[in-house]
Amino acid sequence: MIKIIQGDITTLAVDAIVNAANQVMLGGGGVDGAIHRAAGRELYEACLKVPEVRPGVRCPTGEARITPGFRLPAKFVIHTVGPVYRDGLHGEPEKLAACYRNSLALAAENGCKSIAFPCISTGIYGYPKEEAAKIAVREVREFLAAKNAEEMEVIFCCFSARDVASYEKLLS
Ligand code: ADP
């Protein structure tokens, strides 16, 4: 089941919220900063323990990592790193799609029945909102259509009314 809501993802009592993180995974601006502030210092400590795959990189672009949610109402935070948008010709669509796929797979592996996504890459990372929403909806639909995934509730948590409108259009 897919739902669209407008609001602050840090307030959602779901099994997992997805963080639009960066590769270092130690916090940042936008939704990342909001999640770290709401989850508390323990989230930072947990992220610090995620092994680096190379210096300064705990989560490469397109991949996902999971931590507890600590002081958040959500049980888990799934950290994924969206692509920085250049012109769409540098693998950005594939990387963004991988964020959704890998986050959903990690949620399923951890027994999550509900997951909320922010509009990954569409803030500081500059991904055009409509194009990003198309990829998000396509990947979530494909995932839910696969066996064993029907009972997962996927929420698109939009910060702006404009994002809500573009998701509603795609889902109608
Ligand atoms: P990125 O670096 O991946 O672009 P940003 O955090 O800058 O990540 O933006 C991603 C999206 O998250 C944007 O659409 C932004 O409006 C939205 N956003 C920012 N804060 C929150 C929040 N507290 N809850 C949900 N969405 C948020």
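Which helix gives the most residues to the shell around the ligand? Hi everyone, that is where I'd like to start. Helix H1, residues 30-39, gives the most, with 3 residues; helices here are DSSP runs of H or I with at least four residues, numbered from the N terminus.

A quick word on the model. It is predicted, so local features need pLDDT of at least 70 and side-chain atom pairs pLDDT 80 or more, while totals for chains, interfaces and linings use all residues. Residues are numbered from 1 along each chain as its sequence is written, and side-chain values use heavy atoms, without hydrogens and water.

Now, the ligand. There are 16 residues around the ligand, and Asp-8, Val-31, Ser-121, Gly-123 and Ile-124 come nearest; being around it takes a heavy atom within 4 Å.

Next, the polar contacts, meaning pairs of N or O atoms within 3.5 Å. A backbone N or O atom of Ser-121 lies 2.9 Å from a ligand oxygen. For Thr-122, a polar side-chain atom is 3.0 Å from an oxygen of the ligand. Gly-123 has a polar backbone atom 2.8 Å from a ligand oxygen. Taken alone, the ligand exposes 570 Å², and the protein buries 89% of that, by the Shrake-Rupley method with a 1.4 Å probe.

Finally, where does the ligand sit? It takes up the space of the largest pocket, where sitting there means more than half of its atoms lie within 2 Å of the grid points. A pocket is an open set of points on a 1 Å grid where a 1.4 Å probe fits, with protein on both sides within 12 Å along at least five of seven lines. H1 returns here, with 4 residues of the lining.

Definitions and conventions. Polar contact = N/O pair within 3.5 Å; in protein donor to acceptor, adjacent residues only side chain to side chain. 1 Å grid on protein atoms, 1.4 Å probe; cavity = no way out; pocket = protein on both sides within 12 Å on 5 of 7 lines; lining within 4 Å. Helix = DSSP H or I, 4+ residues; strand = E, 2+ residues; numbered from the N terminus.
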